[in-house]
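Trainee: I am new to this structure. Could you walk me through how to read it?

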Amino acid sequence: MKIKTTVHIHFTKYASSAKGGEYELFPIKLDDTSYRAYVGEQEIQIEIPDDFDPRAQQIVALEKHKQKVMADYQKSVTDINSQISMLQALEYTA
């Protein structure tokens, strides 16, 4: 399957880079900055495989996100348990 889309071409050169800069494509026009200049827009045609199915990639991304959420949750629980332990270790005085 072939699709047509418009891309916006920018020339990017970072001051810290020894390279001569490079052209980058974006789906939108970005503002000019000290390191990026807008070149123009171009309609391009892209070949997409007829059997392309993004679901496997989406599942991998969701599994990765789930692992991060679970790790963040576990850290929160560990922090709360630590605070509880510290409060229980304190001697109460009225």
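**Reading the sheet**

Mentor: Start with the pairing: strands E1 and E2 run antiparallel and are joined by five bridges. Strands (E, at least two residues) and helices (H or I, at least four) are DSSP runs, numbered from the N terminus. This is a predicted model, where local features need pLDDT of at least 70, side-chain atom pairs count only at pLDDT 80 or more, and totals for chains, interfaces and linings use all residues. Residues are numbered from 1 along each chain as its sequence is written, and side-chain values use heavy atoms, with hydrogens and water left out.

Trainee: What is the order of the strands in the open sheet?

Mentor: Strands of a sheet pair through backbone hydrogen bonds, either parallel or antiparallel. Two strands pair if DSSP finds at least two bridges between them. Here three strands form an open sheet in the order E2-E1-E3, with antiparallel pairing. Strand E2 (22-26) and strand E3 (36-47) are the edges, each pairing on one side only.

Trainee: Which residue in E2 is the bridge partner of Phe11?

Mentor: Tyr23.

Trainee: Is His8 buried or exposed?

Mentor: Buried means under 20% relative accessible area, exposed over 50%, partly exposed in between (1.4 Å probe, protein chains only). His8 has 12%, so His8 is buried. His8 sits in strand E1 (residues 2-12).

Trainee: Which side chain makes a polar contact with that of His8?

Mentor: A polar contact is a pair of N or O atoms within 3.5 Å; within protein, one must be able to donate a hydrogen and the other to accept it, and residues adjacent in sequence count only if both atoms are side-chain atoms. The side chain of Tyr38 joins that of His8 at 2.8 Å.
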